[in-house]
Amino acid sequence: MATEMGAQHTGEKEESAPQHRPSLPPVLRGMVWGGIAFALLNFFVIAIQRPEYGALVSEVSVSVGMGGALIGWLLGIGGYETWLLPWFGRPAAWREPEGWQRYFSFSTDHKVIGIQYLITATGTFLVAGMVAMAMRYNLMTPSLNLFPTSVAYESAVSIHGTLMLFAVSVVAIVGGFGNYFVPLMIGAKDMVFPRLNGISYWLIPFGVLTILLSPLLGGFVTGWTGYEPLAARSPSGQIFYYIGVFTLGLSSLLTAVNVIATTVFLRAPGVTWGRLPMFVWAMLVTSLLNLYWVPSIGTTFILGLLDRLVPTDFFGQGGLPLAWQSLFWLFGHPEVYIIMLPAWGIWLEVLPVFARKTLFAQRWALIGFIVIMLMSNLVWAHHMFTDMGNAEMIPFMLFTELISIPTGFMYLVALGTMWRSRIRLTTPMILVLMSLFNFLIGGLSGVFLADGPVNLAVHDSYFVVAHFHYTIIGGMVFAWLAGMYYWLPKITGHAINEVWGKINAVAIFIGFNATFGQMFLAGMHGMNRRIALYPAYLAHQNLWISISAFVLGAAFASTMVNFGIAWVRGRQVGANPWDAKTLEWKTASPPPKENFEEIPVVTEGFYGYGNAGAEPEIFVPRVAVAADPPAPPTGVSG
Amino acid sequence: MASARISNETSVHAAEALTPEQVRMYAAGFWIFMVSEAIIFITLFGVRFLLAGTTVLPTNRIIPIATTVLLLASGYTSSVSSRAAAQGENVRLRQYVRLTSLLAFLSLISVAIGWATAGLDPAKQYGGIFYTIIGYHAFHELVGLFLFVSLLIRTRRIAYTPQNHLAVQGTVWFWEFLIVVWILAYIILYFI
Ligand code: HEM
Ligand SMILES: [Cu+2]
């Protein structure tokens, strides 16, 4: 049986292995295998359960079926050749397709994977954005306007929130830029675990589709937070929420393992901890948060699922509904920093390049990252003030308000860097400035929310909606767009149209602030969140919010068109169009396979611009490195 | 005989050569991942105390003893197999991996029996968390068993070397982690 195994087993995918060319394109094969697995397991469970009225699906059968579908999908997409066969001692018989097709199959190239993440996150952003447009359309009048029932509207809210949180804001920068640029910025050829990386990406489409399919089982009404005991009364689509978010979390977890191992072990000579680029630091800290909070929430979600399927009673009548809330927010608040830390990383990369000044007080930004990471574990109950006594609020109030201090470090670093500089107002820089502005409003409104008396008044109102959209869209999405404008020339080798970039940025900025600025007011006037029907006196305001939201939607769409045009036929750019210093700019645009002609050797920090000379190193470098000549101040005018 | 099988095999190849630096890197990556595995059980144990306090309801107490013994025995055999791999003794490695798989399989059977005869109500707090923790652990054991069996099949084609037997080490580490978790779960579910 093993006779054909003359070829040597080297663990490499090249040459030696007999090349199985899958008969179907990988995505199609994944769907077929996943579909078959689903059908088999589903009907197997149904045959055992024999539900009344001859139903063909039950919550149990669908859940089991989805488990099988996930495995079938992952094997079909390429896991069969790259994971299962090697697992049984056969060579990995997978030849990665060339050209555009490699984006639609299992890949081990961190740059391909980064692009896969970016495009998927963008697509999901657009889909979930369309859902938001539908919600706003419905809210133009106080009655049901588009959706047939309140449950349908609430399902739309839930799908929108769940996708935006779990499949966009924690995926776009971390999965997209993180995969693409962490190895480049530290001078590595790839991640430590490329195969793991490949499989981790393909969990995302599965998770997204699962959540999108929830209306098939009636949708779900709990929003992204899945509160009990509401979840117990939600339609059966709730199980897709648990399964989908679980799958997306698994992807974040595997990415986190990869990022941590890569940063620790694959830094090029001279990329000391003290010189590590701020974006990589941000990714590292984010990955640590992911590493210990994602498994926790994943387990919680399984418990929630069991509450529906078995049924156990962890969070229901006999259990503790508040345990769900605590478990959710123990993860949920760190999650908001998982969203924001990478965005700050982008701020700190973009600012010195366009201010042409050395990054100011770099070490304080790093201290801020780490203190935030630690403190974010101590504030979760500020989401639960309505469920506790006054005295219990005080520690959470205190910690939440304290966390704005290390957050403030980011602003000091940003302001210090821009102080008396001659800023080049390019699109990425403009977007970072806008992100700074928006996040200031978002963060300060958070301090208000953390204040017990205020919170009790505006909790669960549009004030909260405005707060987190200011932080997530205003902070993270603006930074993501800045990253796109900043790095897309590196990824594609094509410049983006700056004029349209600026027009779009301004349009988004206006649309965004008009939409969500008004939501603060609507919240204070008594507009509750997650409701399809509202009192008539709020109609005027809601109409204007909706109109602004449509402007915002159009501006986003227009930005995507600009990206698309640049990708296809933008002007060619060289290796370093922005005249930046981090390592990704030291190689061609787009970077060749394995990134660098030869592994770079770094002798100075990455942020020494202008005549100020380099900032002092954060840590005393190792002796071997200290022997290098000190960095001469670079003469870039600034 | 295992040895005969191995020598007849013309296609056994040494595992990919790794530098000590790479070995450290992959091993560290493995333990980074295991942090997340530990968190899963920490969460579950936390929920046990949160929901059921320190309640212990009477259940079948004989079977878990058998499970514990089987698991401890498999922990011993697995560590022997790891040492064999470290010395490049692939014959002994195969013997002990086979033995470990057998013990692991038996322990899973005992878990299944214990599960079926526990007689608790899953809709009550203690019962719910009882079945959940044991079930989670059993699922991980199933994965461990899969790892051992696939390792056994792999050793037909791959000879592990003192320099690179990470696949063996990883499997054994995972298994030993599960044994530690089992002991904690045993104490937490049956005694506290
Ligand atoms: C890092 C950026 C931040 C993000 C991404 C973020 C995100 C969010 C989200 C998504 C919610 C709503 C949760 C829900 O659905 O109920 C929320 C609520 C809240 N945030 Fe933030 N937030 C950020 C920063 C802050 C800061 C700096 C503070 C305070 C200093 C803060 C304080 C609060 C409070 C107190 C609530 C609870 C409001 C309520 O439900 O009554 N947040 N935040
Ligand atoms: Cu929070």
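In the predicted model, an oxygen atom of ligand 1 lies 2.8 Å from an N or O atom in the side chain of A:Arg529. Two further side chains of chain A make approaches of this kind, with an oxygen atom of ligand 1 placed 2.6 Å from an N or O atom in the side chain of A:His459, and an oxygen atom of the ligand placed 3.0 Å from an N or O atom in the side chain of A:Asn455.

Turning to the protein interface, 38 residues of chain B are in contact with 44 residues of chain A. Together the two chains bury about 3,300 Å², with 73% of this area on carbon and sulfur atoms. On the side of chain B, the greatest losses of area to chain A fall to B:Met25, B:Ile32 and B:Arg157, which together account for 19% of what that side buries.

Between chain B and chain A the count of salt bridges is zero, whereas three residue pairs across the interface are found in polar contact, with both residues at pLDDT 80 or more. The elements of chain B that supply two or more residues to the side touching chain A are β1 (13–14), α2 (20–52) and α5 (125–154); among these, α2(B) gives the most, with 18 residues. By residue class, the side of chain B that touches chain A divides into 22 nonpolar, nine polar and seven charged residues.

Methods: Residues numbered from 1 in each chain as written. Chains lettered and ligands numbered in written order. Predicted model: local features only at pLDDT ≥ 70, side-chain atom pairs only at ≥ 80, totals over all residues. Heavy atoms only, no water. Contact = heavy atoms within 4.5 Å. Buried area = accessible area lost by both parts, 1.4 Å probe. Salt bridge = Lys/Arg side-chain N within 4 Å of Asp/Glu carboxyl O. Polar contact = N/O pair within 3.5 Å; in protein donor to acceptor, adjacent residues only side chain to side chain. Helix = DSSP H or I, 4+ residues; strand = E, 2+ residues; numbered from the N terminus. Nonpolar A, V, L, I, M, F, W, Y, C, P; charged D, E, K, R; others polar.
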